[in-house]
Amino acid sequence: MVNVVTTETLMSSFNIAVDSGKFNTKATFEVLGIEHTAIIRTSKKAGHHSLENVEGIHEIEINGDKWTIGEEEIQSNNLKQEKSTDAHKIATLTIICKALKASGIRGKVNINLAINIPLSEFVLEEEKDAIRKLYIQDEVNGTDYFMIFDGEEFNFTIKNVLVAYETAGIVAKYRPTFIDKNVVILDCGGLNVTYLAVENGKVRFDNTDSNLCGSNKLVRDIIKKVAKQHRRTLSEDTVMKALKNEKAVTGAKAEEINAIIKSTFDKYVQVIVDDLTDLVDIDEYEVLMVGGSSPLYREAVSKALGGKTIKLSTNQIFDNVQGVFKGLKAKFPA
């Protein structure tokens, strides 16, 4: 939770790094020289639905269009890898407003924005251009945005967009620990798991891979299988608790359903392990897991690799966007 600055702060520019994932949209920014983070669900519904203020749910208005952001549901139109979608753009603009409000910034401000995209897109110049143009239509003067966020008006101009690849922040943040080492990074997100090899501290862009084994995809797969085979509609929360061994599914066909959950999870883990061992000689590499899905997979992947030690980043949710923010500040000093 970000502490709101109570006095109005006027500033000419504001740096913010945003990672709009399939499940959550994360951001890192600074308030009076102190780094802060913010997070919202990457979901949108047309119109305003809330009857009262609910933590994590926001009502916004852009160009007369009203949206409710952050309601907890998986949306089929967001189970895509591309970041150049309305859901990602609206989530990014919403979290910018959330950060500005938390920072106490009032009046028009110029935004320097860093955005993460999948590595498969980052290597294509046209994809990077598409992301920039999504947020900046006027490359000379920047693009103005007028929004109402939870009943309050915000006016900002996105002047610069720095496009980074997913896991770039991890490389930036942990680079000192990569020197003279071979490390393979597994970025476990909501939709995909991305692999990136770092050899002797140098990123190998020709030695990368990804698959659709993120935890959102896993949960959605299980929900569909159970509904089709046993006519029960499980909630995301129920499935996730079962996956984490916190609480098994109960009720009708519970034994069969729990077997589906286990077998589906095991299949996902096997794909993750197979792709990893196809990419690198696992005996010569350390493994670093990052991303919100990494705690879910870590133990099972380690076991499948014969008990190999797998490190977790210190903050699986925010490490990547915090690392990207460091690069943004270096490019656009406040």
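## Strand β10 and its partners

In this predicted model, strands β10 and β13 pair in the parallel sense, with five bridges between them. Within this pairing, L186 has M289 of β13 as its bridge partner.

β10 is also joined to β11, here by seven bridges and in the antiparallel sense. The residue that L186 faces in β11 is Y195. Four residues lie between β10 and β11, and the two strands form a hairpin. Of the seven residues of β10, six are buried, so the strand is largely enclosed by the rest of the structure.

## The sheet as a whole

These strands belong to an open sheet of five, in the order β12-β11-β10-β13-β14, and the pairing is mixed. The edges are taken by β12 (202-211) and β14 (310-312); each has a single partner strand, so one side of each is left without a neighbour in the sheet. From one strand to the next, the twist averages 25°.

The partner of β12 is β11 (residues 193-199), and the two are antiparallel, with seven bridges. In this pair, T194 stands opposite S210 of β12.

Note on methods. Residues numbered from 1 in each chain as written. Predicted model: local features only at pLDDT ≥ 70, side-chain atom pairs only at ≥ 80, totals over all residues. Heavy atoms only, no water. Pairing = 2+ DSSP bridges. Axes fitted to C-alpha atoms, helices over the stretch in contact; angles between N-to-C directions. Buried < 20%, exposed > 50% of the residue type's maximum accessible area, 1.4 Å probe, protein only.
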